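Have the viewer open and follow along.

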Amino acid sequence: MVCADSDDQIPFAALLEDSLEDLYDNAPCGYLSTLLDGQIAKINATLLGWLGYRREELVGRRRFADLLTVGGRIYHETHFAPLLRMQGEISGIALELKAADGTRLPVLVTSTVRTGGDGQPLLIRTTIFDARDRRAYETELLRARQESERERGRLQRLTTSLQRTLLPPVLPPVPGLEVAAHYHIASLDEVGGDFYDLFPLAAGTWGLFLGDVRGKGAAAAAVTSLVRYTLRAAAVYDPDPAAVLANLNTVLCTEYRDYEPRFCTVIFGLLTPDADAGGFTLALASGGHPPALLLRADGTVASLSTPGGQLIGVLPDARISTTRGRLAAGDTLLLYTDGLTEARTAGAGQRRYGDDALFDLAAGLAPTTAAATVDTLVGLLNGFGDGLDDDTAILALSVPAEGRRRPST
Amino acid sequence: MITGREGAPVVMLAHGFGCDQNMWRLVVPALAREFTVVLFDHVGAGRSDLSAWNPRRYATLDGYAEDVVEICTELAVGPVTFVGHSVSSMIGVLAAARRPELFARLVLLTPSPCYLEDGDYHGGFSAADIDELLASLESNYLGWSATMAPVIMGNPDRPELGEELTNSFCRTDPDIARSFARATFLSDNRADLGRVRVPTLVVECSNDAIAPTGVGAFVQASIPGSELVTLTATGHCPQLSAPEATAAAIVAFAGTGR
């Protein structure tokens, strides 16, 4: 088939008749061949034009690195040249060339080592692409990334300080009681929803609580804050644990009546020194929280279960379950959030750690102390690695065993 | 990594700024015939444990020198011949000044005690040049991201993961590279050279873009009793550009029974 205008078209053959030399010299990228020591052996017209040099000024007289900025030369010596030597090629390295008039040309450089028949390296071939537009774009990307890294740092600092305000900076010393706590933060970017506290009430009694607000982040932190202050205020008003949690339930239900409900699980406890028998009597109330464990001086472990307790903040008349106990010399009380028992264990199946495993661990520890219990659990948490994806709060209290009781102050 | 002849004198190879122990690949076979060869990556480089890096300890070369002392102490193989390339030569000088009993000899490969120009001393660079280097590092780290870091660095037990990424042995976390660049190029260890009491060999290249002519002679003149060998080689890495000559210089010096 003959096209009507075929006579007007220059045949491909004629188009391609340009010599290889012309292809090399006037290619749309820079070509450079150097000896292994970098001495320029051949350079194309395109690159000479970019740089503003005459061929005889460079060939046999300058090295490739001489064309780079000083910083680029260091990068060339410490990264580019070693990699090229080891890999035989290197591609897409960002460098800046210095033109004869001192201007700088951002380029992308790719080099390969040409070897002889015996595999010995002979010379280095380099292609150079003008990267001015791309560099401007990359500079913008870099700026955006630095900005986002700065913002992320700021967010993490903010999260950390917010988290700190939601936890007691140090637990107060309680006469006749050893206390220890640990908080594992699952994410640096979000405030966790677990909380605990221990504080003095009237007549030598002490209040304590530990709980878990559902959710994370700023919204959960606001609830955590409200929960903490409500619990402390309510305990002053009426320290009976069931009354304290009932108060909290009313506050949460009222506060979030018109919004998405915000709820938590929590254990509240009241410790009263037992003047006659020593140690403390313990009253606990729970709203849907995993049971506290009592690691006794005689080596047995009891789960202080509070069956039927309901989440706090959902129903106006949430059922709050209570239990009583004694914390005698050598006994340790352990409260924790479900981040601990819900952690996935390493190994086959990635099972949840579970309540039974924790109970068995406690049985192995008893009799023990608050500090030793928390130490062991911190080791356990660290061992979970990535399997621990939720915040976890641990609070332990122990009455020093007979014979090692410290003088109360 | 330890290789070479068991029971032979120990040569410890320390890589410089930029890459990792792979830099020694071409000289290790020759050295392994004569010596027990100890290779390691500085913290933050190669397959080192990134979590061991902290900005304060590694803000100056002293932190790296302490690491060398720790490695020597832990190896407990008696005094070693320490071969330090580039910045590691000064790390070796600091370590040997601190604990001379751990070092039988020092080989300083293309050393520079100070990269900055300072009056009559010609280190070769200005502070602006070093800033340019930092910018150069930055623009070549665009492909780096926090998600790639564990792939490259975090799998010491599975090196094949890292090897699939070309250029990986010269890559590290940009923050660490920046910090190491500063510690390297802004340090001035000229005063430390005189404290070296260990037999020392200075090896320079005839044409080195990083340690200019004259710096090798300065180092040799400053370390009492040291020797200077000038290799006819271009560049800052003679262990790559002239591996035979480099290995021969190390063997000749470290093999002598002094």
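Is A:Asp390 buried, partly exposed or exposed? Keep in mind that this is a predicted model. A:Asp390 has a relative accessible area of 27%, so it counts as partly exposed; the cut-offs here are under 20% for buried and over 50% for exposed.

Now look at what A:Asp390 is doing there. It forms a salt bridge with A:Lys216, with 4.0 Å between the closest N and O atoms. A:Asp390 sits in the loop between α11 (370-384) and β15 (392-398) of chain A, while A:Lys216 is in the loop between β8 and α7, so the pair ties together parts that are 174 residues apart in sequence. A:Lys216 is partly exposed as well, at a relative accessible area of 29%.

Stay in that loop between β8 (206-213) and α7, because A:Arg214 lies there too, and its partner A:Asp338 is in helix α9 (residues 338-341), which means this pair links parts 124 residues apart in sequence. A:Arg214 is partly exposed, with a relative accessible area of 34%.

For a contrast in setting, go to A:Asp197 and A:Arg228, which are both buried. Their side chains meet in a salt bridge at 3.4 Å, N to O. A:Asp197 belongs to strand β7 (residues 194-200) of chain A and A:Arg228 to helix α7 (residues 217-237), so this pair ties together parts 31 residues apart in sequence.

Over all chains, the structure holds 27 salt bridges. On chain B, salt bridges with shared partners join B:Arg57, B:Asp62, B:Glu66, B:Asp67, B:Glu70 and B:Arg98 into one network.

The contact takes 33 residues from chain B and 27 from chain A. About 2,600 Å² is buried between the two chains, and carbon and sulfur atoms give 63% of that area.

A:Leu311, A:Val314 and A:Leu315 make a nonpolar patch of about 220 Å². A:Val314 is in the loop between β12 (301-304) and β13 (321-327), and it is partly exposed, with a relative accessible area of 41%.

Terms used
Residues are numbered from 1 along each chain as its sequence is written. Chains are lettered from A and ligands numbered from 1 in the order in which they are written. This is a predicted model: local features need pLDDT of at least 70, side-chain atom pairs count only at pLDDT 80 or more; totals for chains, interfaces and linings use all residues. Side-chain values use heavy atoms; hydrogens and water are left out. Patches are made of residues with over 30% relative accessible area and no salt bridge: like charges are joined within 9 Å, nonpolar side chains (Val, Leu, Ile, Met, Phe, Trp, Tyr) within 5 Å. Accessible areas come from the Shrake-Rupley method with a 1.4 Å probe; for residues, only the protein chains shown count as cover. Helices (H or I, at least four residues) and strands (E, at least two) are DSSP runs, numbered from the N terminus. Buried means under 20% relative accessible area, exposed over 50%, partly exposed in between (1.4 Å probe, protein chains only). Contact means heavy atoms within 4.5 Å. Buried area is the accessible area (1.4 Å probe) that two parts lose on being put together, summed over both.
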